[in-house]
Amino acid sequence: MMKTVALAVAVVFNAVFFCAPAVAAGDVDAGAKLFTRICGGCHQVGESARGGFGPQLNGIFGRTSGSVADYQYSDAMKSAGIVWTRETLTAYLEAPKKVVPGTRMIFWGLSDPEKIEDVLAYLQTFQPQ
């Protein structure tokens, strides 16, 4: 009986402490501040968002690169054929020109994984329900 309890405790301990994701889901409030500071000059989100220097980012998760009608994309972005997921957006935010060579986006990248997660958590709030 004691061996069974000890084994169950060990399994739960391992599941909780060793199988948890390396980075948390992100802080929406911190992401909102970062978005305003580093993305908001070119991109918009929200009910009245529209393309400007960059495309609006409502519903970005699951969207194909270069597909919003109210923005004039570079040929590189239109032909990239990327479906924006957490993984592809993370890679793009880390190094845009590496993921889409020839993109017109003027952004060197964001090297802090926590900040990337925060921005993605914020953008997730603009997904259609």
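What percentage of the 129 residues in the protein chain do buried residues make up? Buried residues, defined by a relative accessible area under 20% (1.4 Å probe, protein chains only), make up 34% of the chain. The structure is a predicted model, in which local features need pLDDT of at least 70 and side-chain atom pairs count only at pLDDT 80 or more, whereas totals for chains, interfaces and linings use all residues. Residues are numbered from 1 along each chain as its sequence is written, and side-chain values use heavy atoms, with hydrogens and water left out.

The protein chain contains 6 helices and 0 strands, where helices (H or I, at least four residues) and strands (E, at least two) are DSSP runs numbered from the N terminus. The order of elements from the N terminus is accordingly α-α-α-α-α-α. Contacts are defined by heavy atoms within 4.5 Å; of those between residues at least 6 apart in sequence, 45% join residues at least 24 apart. The chain exposes about 8,400 Å², of which carbon and sulfur atoms supply 63%, as computed by the Shrake-Rupley method with a 1.4 Å probe.

In helix α2, the buried residues are Gly31, Leu34, Phe35 and Cys39. These residues lie on the same side of α2 because they cover an arc of only 105 degrees around the axis, the arc being that of the directions from the helix axis to the C-beta atoms. The buried residues of α2 pack against α6.

The largest pocket has a volume of about 620 Å³. A pocket is an open set of points on a 1 Å grid, where a 1.4 Å probe fits, with protein on both sides within 12 Å along at least five of seven lines; lining residues have an atom within 4 Å of a point. The volume is the space filled by probe spheres set on the points. Of the 30 lining residues, His43, Gly54, Pro55, Tyr92 and Met105 are the closest to the centre of the pocket. Helices α2 (28-39), α4 (86-94) and α6 (113-124) each supply at least two residues of the lining. By residue class, the lining comprises 20 nonpolar, 8 polar and 2 charged residues, with Gly counted as polar.

Gln127 is located in the segment after α6 and counts as buried because its relative accessibility is 15%. Gln127 touches Gly59, Ile60 and Phe61, residues up to four places away in sequence not being counted. The C-alpha atoms of Gln127 and Asn58 are separated by 6.2 Å, although these residues are 69 residues apart along the chain.

Key: Buried < 20%, exposed > 50% of the residue type's maximum accessible area, 1.4 Å probe, protein only.
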